[in-house]
Amino acid sequence: MPSLRERQTRFANALLQGGEDSSEHIAIYRNTVFSNYRNALGATFVVVKQLVGTPFFDTAVDAYALAVPSTCGDLNVYGGDFPEFLASYPHAGDLPYLADVARLEWAVDAAARAADPSGSPEALLAALAKVPARQVVGQRFALDPSCCLLRSAYPALRIWQVHQPGFAGDVTVSFDVAPDYLVVRREAGGVIIERLPPGDHALLRTLNDGGDLAAALDAAVAAEPDFALEMALGAHIANRTLAQLRSN
Amino acid sequence: MNRRLPNSVGIGLRAPHVSHVLASHPSVPWFEVHSENYFADGGPALAALDRIRADYPISLHGVGLSLGSTDALDTTHLAKLSRLVDRIDPAQVSEHLCWSSVTGRHFNDLLPLPYTREALDHVCARVSTVQDCLGREILVENVSSYLTFPESTMMESEFVVAVAMRSGCGLLVDVNNIYVNARNHGSDADAYLEAIPPALVAEIHLAGFDASGPCLIDTHGAPVAPEVWGLYERALRRFGRVPTLIEWDTHIPEFAVLQREAATAQSYLEARLAVAA
């Protein structure tokens, strides 16, 4: 008589690859499990699915589910590695922008689940005002928990936009464009995607990675020589992208 | 006990209906939601549940704790459930008598257990851990299955009852699952009901199955079948008036369809009351 552990391991193997216990009954579970993943990822990666079509998408999800197992009982958080998987998925080789669109869709999904903001622009400005002037450049900032910074060599946002329900107008996407520097974040009204100037993107990315304001300014100026720190800082505090000071 | 669900028919609330419920405040005695759908740290879905909780009793129904798994209990998952329970103060918390994960891989599905002494000991210990962590009794639900295991030494009903008796949890009796399993495995659904002590039963689930394949599949994607209404009627005769839930998870119809199913179930509950009076 197999132990419970043996039974579960055998069942799992049979479900995944068809083994000694495999039968039409195991196949019912296999179908349910894989169709759950197809549905869950299909609800998150809506544009990716439109770009490649359902049969391609479902086949890619099946391959992903085998290669990168779900490790969590909350299906809502499965799929974070799907963009990376697509980036190296041989069958998607002629769609080099696909992974970036997937990263954008995952960021939108994750932003909706992120913690609610704490603090306020007023509180952050007050905290900054208390910092002695010469120490301001040494400050580190925490971004709002919903923020995700993305860079794409392709017009990822434009591709995403023309695939949104209700999009009316010219659906032509030009690939002869500068890279997309994007921030995805959640405001009171919902998740938004903004295109940022390269300097702002470099500033926020450096701060998000834990760098201080001096390092962030260096990165911003390197990306955009006429970068204006005060204006950018004011804007990102006012719209809550920068949430609070980190304790050094 | 102020935590109990109303003895009436609630509806399983799924994402497509949340905005309708918030906007129109339908007359529904209580809602059940899948706990995991509210494990987020924040955001609009959780905020919506807070608002719904202000107006309706809520039951939290877990689908991912993997109670029967031989992997270690996922303490992160349990901590998120505990956080949600503290936030929502639900009338009921339930999970499934099944397993979903092994050797670190999650299948995110309700997989059947063999009904052995070893599985019973294992599940009882895990239910106790969960109840200790949450500081309250939970309900466990019988699942549908498409195969049985040769090593099983107990009837499913025996196993389910033993879990409740030993761990002190209550039972969420899914009448549709009893019917599906009876048809799939050639067992006796009425004998199953007879094996359950009425005092253990705190909630009933009703849903629809798919009969198009070689066995009945518990899709939660169809109206409750006539035979299941019949079994529900007999369940009420045995268990008395028990809070009942209409579940629909695939091909989710308009909310009005769920309300009609709930009204049908409510008429069975009222009839049971009339008989009892």
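Me: Which strands does helix H9 of chain A lie across, and at what angle to S2(A) does it run?
Reply: This is a predicted model. Helix H9 of chain A covers residues 198-208. H9(A) lies across S2 and S3 of chain A, and its angle to S2(A) is about 130 degrees.

Me: Which helix lies across S2, S3 and S4 of chain A?
Reply: The helix in question runs at about 20 degrees to S3(A). It spans residues 98-113 of chain A and is helix H6.

Me: In what order do the strands of the open sheet in chain A run, and which are the edge strands?
Reply: The open sheet has 3 strands with antiparallel pairing, in the order S2-S3-S4. The twist from one strand to the next averages 25 degrees. An edge strand here pairs on one side only, which holds for S2 (148-152) and S4 (190-195) of chain A.

Me: How many bridges does S3(A) form with S2(A), and how many with S4(A)?
Reply: S3(A) covers residues 180-187 and pairs with S2(A) in the antiparallel sense over 5 bridges. Within that pairing, A:Arg151 stands opposite A:Tyr181, and A:Leu150 stands opposite A:Leu182. On S4(A), the bridge partner of A:Leu182 is A:Arg195. The pairing of S3(A) with S2(A) has 5 bridges, and that of S3(A) with S4(A), also antiparallel, has 6.

Me: What joins S3(A) to S4(A), and through how many residues?
Reply: S3(A) and S4(A) pair in the antiparallel sense. The link from S3(A) to S4(A) is a hairpin, and it passes through 2 residues.

Me: Is S3(A) largely enclosed or open, and how many of its residues are buried?
Reply: A residue is buried if 20 or more other C-beta atoms lie within 10 Å of its own. By that count S3(A) is largely enclosed by the rest of the structure, because its buried residues number 7 of the 8.

Me: What length does helix H1 of chain A reach, and what is expected?
Reply: H1(A) covers residues 4-17, which is 14 residues. At 1.5 Å a residue, the expected span is 20 Å. From its first C-alpha to its last, H1(A) reaches 20 Å.

Me: Why do the buried residues of H1(A) line one face of the helix?
Reply: The buried residues of H1(A) are A:Leu4, A:Arg7, A:Gln8, A:Phe11, A:Ala12 and A:Leu15. An α-helix has 3.6 residues a turn, so residues three or four places apart point the same way. On the other side of H1(A), A:Glu6 and A:Gln17 are exposed. Seen down the axis, the buried residues of H1(A) line one face because they fall within an arc of 130 degrees.

Me: Which elements do the buried residues of H1(A) pack against?
Reply: Part of the packing is inside chain A, against helix H2 (24-44). The rest is with chain B. The elements of chain B are S5, S6 and H4.

Me: Which element gives the most to the side of chain B that touches chain A?
Reply: The contact involves 37 residues of chain B and 33 residues of chain A. Strand S5 (99-102), strand S6 (105-111) and helix H4 (117-134) of chain B each supply at least two residues to that side. By type, the residues of this side of chain B divide into 15 nonpolar, 15 polar and 7 charged. The element that gives the most, with 6 residues, is S6(B).

Me: Is B:Pro243 buried or exposed?
Reply: B:Pro243 is found in the loop between helix H8 (226-239) and strand S10 (244-246) of chain B. Residues that B:Pro243 touches include B:Leu5, B:Pro6 and B:Glu203. B:Asn7 is 236 residues away along the chain, yet the C-alpha atoms of B:Pro243 and B:Asn7 are separated by 4.3 Å. Because 24 C-beta neighbours lie inside 10 Å, B:Pro243 counts as buried.

Me: Which strands of chain B are joined to S1(B) by bridges, and how do they run?
Reply: S1(B) covers residues 9-12 and is joined to S10(B) by 3 bridges, with B:Ile11 opposite B:Ile246. Another 2 bridges join S1(B) to S2(B), residues 31-34, where B:Gly12 stands opposite B:Glu32. S1(B) runs parallel to S10(B), and S1(B) and S2(B) also run parallel.

How values were computed
Residues numbered from 1 in each chain as written. Chains lettered and ligands numbered in written order. Predicted model: local features only at pLDDT ≥ 70, side-chain atom pairs only at ≥ 80, totals over all residues. Pairing = 2+ DSSP bridges. Helix = DSSP H or I, 4+ residues; strand = E, 2+ residues; numbered from the N terminus. Axes fitted to C-alpha atoms, helices over the stretch in contact; angles between N-to-C directions. Contact = placed C-beta atoms within 7 Å. Nonpolar A, V, L, I, M, F, W, Y, C, P; charged D, E, K, R; others polar. Expected span 1.5 Å × (residues − 1). Buried ≥ 20, exposed ≤ 12 C-beta atoms within 10 Å, placed from the backbone. Arc of directions from axis to C-beta.
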